[in-house]
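Please look over the notes below with the model open beside them. They take pockets, chain contacts and aromatic rings in turn.

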Amino acid sequence: MGFLGYILISTGLVFFLGTTIGLLRFPDFYTRMHAAGKGDTLSTVMILLGCICLVSMSWLLALKILLIINFIFIGSPTATHAMMDAGNKAGATPWRKDSK
Amino acid sequence: MNTFITAAGVALIGLMLLVLIRAIKGPTVIDRLVAINVIGTKSIVLLLFAGILFGQLEMFVDIALGYGLLNYIVSIAASRYYQHRKSLEPEHSPGGSPVS
Amino acid sequence: MTEQLPIIIILGPLLGAVLAAFTGWFRPRLSHPLVVLGLAISFAAALKLVFIVADAGAQKYWLGGWGEKVVPGQKEPFVVGIQITVDYLNTLLLVAVSGIALLTSVYTRRLVDTELAGRQRYFYALFSLLVTGLLGITITGDIFNLYVFMEIAALSSYALIAYGRGRAYMAAFNYLIMGTMGACLYLLGVGFVFAKTGTLNIDNVSAIIPALLNSGQSQALFVGFVLILLGAWAKMAFFPFHGWLPNAYAHAPTAGAAILAPLATKVAVYTMLRIMVTVYSIEYIIHSPGIQSLALYLSSLAIVIASFFSLTQTNLKKLASYFVLSEIGYMVGGAWLANKPGLTGAMVHVVADAAMTSALFMAIGCIVYRLGQAQLDDLKGVFFKMPVTMAAFVVTMAALIGVPPTCGFFSKWYLIQGAAQAGVWHFVAALLLSSLVKAIILFRIIEIGYNRVPHPAIEGNPAIPRNEAPLSMLIPTVAMALGLIALGLGTSTLVNTIIAKALPAALAP
Amino acid sequence: MEKLITNFNYVIVVILMMIGLWAMLAQKNLIKKCIGMPIFQTGIILFFISIGAKNKAKVPILSKFVVENSSAIIVNDYANPLTQILMLTAIVVGVATLGVGLALAQKIYQQHSSFDEDEILENQRK
Amino acid sequence: MSALPIWQFDVLLLMLVLLFAVVALSIRNLMGAAVVFGAYSFMMCLIWAGMGAVDVAFTEAAVGAGVSTVFVVSTLYNTGATMQRRTGGLAFKLFIGVVVTVAGAFLLSALPDFPKWGAPDSPVNATVAPYYILNTFEDAHVHNIVTSVLADYRGFDTLLETTVVFIACIAIYSIMRVDNAKLETDEPAIVAAPRYDPSDSLIVRQASRFMVPFMQLFALYVIAHGHYSPGGGFQGGVILGASLILLAISFDLKFLLRQWSEKTLMLLVAAGVFLYAAVGLACVFMGGNYLDYGFLDSVLPGERDMARSHGILLVEIGVGITVMFSMIAIHINLASNGRFDRGL
């Protein structure tokens with residue numbers, strides 16, 4: 001069980017690294033959003049699951065962490081959607097291959 | 001286990017620092033918003049790590065839960081701002097009256 | 001029930017405010033009597049306590065019954081809860097604050113009805129909460145609790161000022177920034193003191209501090225002292241931090257200014273006195289001559305600058321605000337003389353000046369109520385139009401100048417005596433200059449209000465109709481003006497029975 | 001110098017407070033002033049929490065185990081609760097002040113269409 | 001370096017916090033500044049959690065990061081987030097900078113006088129604080145020492161703190177509220193009416209609708225469970241308020257005002273303070289000092305310590321009510337520009 005925890009946390013960190021690089025390197029708002037929205041949610045969920053596996057804890061506590069995961073799973077994509085929509089409505093211009 | 005968690009936490013903070021670069025660079029507000037949202041989500045994870053290191057995870061889970069919920073509200077509120085106002089204002093207007 | 005009196009002083013206005021906030025939605029006319037009732041209860045309790053304190057000495061009250069407990073590892077017992085104290089230093093100010101608040105609350109009724117028509121739903125609640133904060137600052141025996149009360153008073157005064165609309169918003173915002181800075185500096189100073197002593201109770205802190213000073217660990221305490229001092233100075237608009245005050249009080253609605261101007265700054269002066277006299281000892285002040293002379297120079301400068309600016313004003317409210325500024329110079333200077341007459345003068349002047357400023361702003365409020373504005377040029381013939389109000393006004397100005405039977409004379413006399421004893425002649429000069437300037441202004445107002453129109457009693461001149469302010473405003477104004485004289489006549493009794501005992505015993509006679 | 005390292009926290013606290021204070025006094029924009037205010041306050045709060053921190057201490061909540069077995073409570077096992085209470089109050093006061101400041105700033109903006117202090121003063125002089 | 005449990009976090013986070021503060025002040029767009037400021041609060045909260053101050057961290061997360069950022073955003077919503085670029089004024093800024101630097105150096109001069117960071121025998125940790133740690137369970141039957149000190153030993157502070165929130169609420173109400181019937185002509189509305197299109201937020205609305213009940217349940221748990229875990233009236237109240245603010249944001253202000261009218265909101269704000277003050281007053285009538293809940297043992301179940309415990313719960317509920325409705329009322333005032341019709 002503990003071994004699984006290490007693996008999950010490490011994988012989560014790798015995904016977060018991907019998020020960070022994407023956030024820094026992608027050329028425009030929409031692509032950055034893509035990196036941030038997916039990578040962030042996935043890495044957070046993975047690390048939290050890893051915490052459940054790694055630490056011996058009561059069922060109630062595990063349930064609470066699962067609740068956090070649940071909220072992040074619903075909240076984070078919704079927030080991403082809202083921000084994407086906001087960017088679109090506010091007029092963020094998408095990047096094109098031919099633009100400089 | 002504690003060493004691993006500490007290392008993971010330090011790595012998380014380091015990556016958060018990189019994400020902060022996006023928040024500093026912008027270029028538009030909505031980019032900053034994305035970066036801050038990512039930092040907010042990762043704070044939840046860090047809070048749980050702190051709980052594990054203290055050996056009192058049950059005390060920290062509640063805070064993390066509250067954190068996640070409020071982070072969601074902030075993201076929604078900030079994106080609503082741009083959904084309703086419908087203009088991504090320039091970072092500064094060149095003097096004179098503001099555009100609004 | 002007498003042992004519950006100290007908390008009743010706070011609870012009266014607090015509960016009055018909360019109930020007024022309820023009735024504001026059902027029976028708006030009921031808000032005012034509720035607040036007046038709360039203040040009256042508070043005033044009665046404060047008055048009763050003066051006699052108890054004069055007889056039996058300081059009264060302590062422990063909130064929640066958490067008094068002195070033995071802490072493991074410590075020899076002395078410590079107060080673990082919050083203590084409120086009524087002692088020789090604050091009992092008079094408590095009466096002054098609650099009494100002035102009571103009179104002002106009666107007085108503001110008509111002003112609010114006309115000035116703030118349609119918006120007065122929460123005015124009395126905020127008014128009462130402001131008084132709660134001020135009374136709390138005065139009564140509390142816990143340095144952190146003092147901070148919370150400070151913020152209660154500050155937040156309600158921002159709202160009261162903002163009632164003035166227009167320019168008042170900016171004035172209130174500036175006050176908010178300055179006030180928050182002052183409160184934060186105070187809190188930080190409390191942090192420094194707390195870090196070295198480990199307790200927040202004023203009695204306990206003052207018992208620990210001398211030992212710490214003797215053991216050579218004084219730098220943190222010194223920094224804490226300076227921070228608290230700066231915080232109190234920012235709150236009382238002392239010289240380098242005075243920028244916010246004139247605008248704030250001049251643009252506030254007259255009803256708001258009538259309660260803010262007399263009390264808010266005086267209570268901040270009291271905070272400084274409490275920290276100087278009780279928490280730190282007066283020896284500490286004497287042994288840190290660097291700040292002492294700096295504070296004295298600053299207070300002289302404050303008096304001179306405020307006097308100068310008051311000469312250039314054309315608006316009566318703004319003029320009065322500059323008077324407030326110069327009076328603060330008196331009190332800070334008197335306190336920092338750190339000798340017996342100086343401190344006595346400062347303590348008497350805190351009470352006397354609260355009464356004088358209150359009377360001044362009440363008289364101005366009456367004038368504003370009838371004339372609609374308070375430009376000096378509009379005062380033509382006002383002496384014929386509102387003779388009673390102007391009589392009260394002249395008495396108040398006489399007190400501010402320092403004409404004998406009024407209270408202003410006696411406190412000023414103590415201050416000058418103290419300054420002469422300490423050999424601080426620039427302070428004496430500043431005091432005299434300020435009196436002179438106030439006399440000039442009084443004569444200018446008499447000139448405008450009395451001489452610029454043809455005398456109506458002489459035949460052939462147009463009669464100027466009498467048009468006094470309504471009685472609910474006039475009576476408090478006159479009562480306050482008469483109170484100035486009564487206070488002046490009673491000064492020696494007060495000094496002998498109460499204030500003399502508040503002075504630290506170590507002080508040279 | 002050794003003190004500087006062991007009391008590293010205090011140095012950060014002082015820098016933070018001074019940043020906040022600078023923003024409150026020197027920034028011309030009202031909202032920036034409003035943001036500087038909580039920064040100053042959090043500096044103070046951090047100072048208080050720092051002086052109440054203890055090495056190897058747990059959070060100040062008695063565990064069920066200690067209470068049920070009525071075993072002796074060791075003081076140094078728990079972080080200082082007193083500073084925390086004081087700062088809870090300070091945080092609340094901070095947000096209340098921030099709210100009032102924002103309301104005033106909003107009203108000022110309605111009159112002058114600007115958050116800039118200089119421009120507002122110019123407008124008022126007219 | 002100190003040997004706090006997680007000093008590595010602390011040192012890094014302290015650096016990060018400084019960076020956030022500077023960034024929040026230097027971003028020229030006010031929305032950006034507000035959002036970065038929110039993240040600054042998040043970081044601050046992590047630091048406090050790292051030092052074992054869980055209740056403070058909870059409050060800061062709820063207030064600093066959550067609600068106050070929403071307040072700033074709703075203020076900007078009614079005004080504008082642009083900042084004019086202005087030249088000049090540099091000398092003034094430098095002057096203040098010098099003053100502030102001198103002040104900082106003055107503060108640092110006290111540094112050698114301070115006890116070592118984290119020393120358990122420093123005056124603060126050894127003078128009064130041990131009493132609370134050792135006696136809280138005996139006195140009040142409460143596990144969370146912070147709760148018992150907050151609501152009992154120093155309960156007066158908390159009453160005043162609740163009053164401060166109440167004052168802020170009615171102050172903002174009196175500053176902002178305008179009569180819809182006769183909008184003043186001297187205060188023209190700068191902002192054009194926001195375009196509200198209900199169809200554009202289906203996802204957000206459904207997600208919020210799903211989350212709000214959980215939030216409210218969680219908040220009630222936080223209030224009720226404050227005796228055993230971090231939390232209490234204040235944190236729970238803020239989360240309850242935030243849940244309704246979330247409804248207002250993702251639907252419409254009118255949606256909220258249909259259920260909670262202006263009058264109800266403002267009355268409930270006062271009701272919380274009244275409850276707290278009345279509990280204190282009841283203690284006086286039972287023969288004790290103000291706020292001495294031990295004297296309520298004849299009306300509340302249990303012995304003195306249980307009476308204290310229940311008294312604490314009662315006042316926490318009072319705090320929760322005031323804070324919840326204050327936060328909502330402040331948000332509505334700021335977001336709708338005092339008109340109580342529509343907004344963020």
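1. Residue classes come first: Ala, Val, Leu, Ile, Met, Phe, Trp, Tyr, Cys and Pro count as nonpolar, Asp, Glu, Lys and Arg as charged, and the others, Gly among them, as polar. By these classes the lining of the second largest pocket has seven nonpolar, six polar and 11 charged residues. The lining of the largest pocket has 33 nonpolar, six polar and six charged residues.

2. The model is predicted: local features need pLDDT of at least 70 and side-chain atom pairs 80 or more, while totals for chains, interfaces and linings use all residues. Residues are numbered from 1 along each chain as written, chains are lettered from A and ligands numbered from 1 in the order written, and side-chain values use heavy atoms, without hydrogens and water.

3. The largest pocket holds about 1,500 Å³. A pocket is an open set of points on a 1 Å grid over the protein atoms alone where a 1.4 Å probe fits, with protein on both sides within 12 Å along at least five of seven lines; lining residues have an atom within 4 Å of a point. Volume is the space filled by probe spheres set on the points, which are joined across faces, edges and corners. Of its 45 lining residues, those closest to the centre include Met178(C), Phe241(C) and Leu25(D). H4(E) gives the most, nine residues. Helices are DSSP runs (H or I, at least four residues), numbered from the N terminus.

4. The second largest pocket has about 640 Å³. Its lining counts 24 residues, with Arg119(C) and Arg121(C) among those nearest the centre. H2(C) gives the most, four residues.

5. Chains B and C do not touch; their nearest C-alpha atoms are 19 Å apart. Chains A and D have no contact either, at 14 Å between closest C-alpha atoms.

6. Rings of Phe, Tyr and Trp (its six-membered ring) pair with centres within 6.5 Å; planes under 30 degrees apart are stacked, over 60 edge-to-face, the rest tilted. Tyr81(B) and Tyr82(B) are edge-to-face, because their planes stand at 75°, with centres 4.8 Å apart. Phe218(E) and Tyr221(E) are stacked, since their planes are at 25° and their centres 6.4 Å apart. Both lie in helix H9 of chain E, three residues apart, about one turn.

How values were computed
Helix = DSSP H or I, 4+ residues; strand = E, 2+ residues; numbered from the N terminus. Contact = heavy atoms within 4.5 Å.
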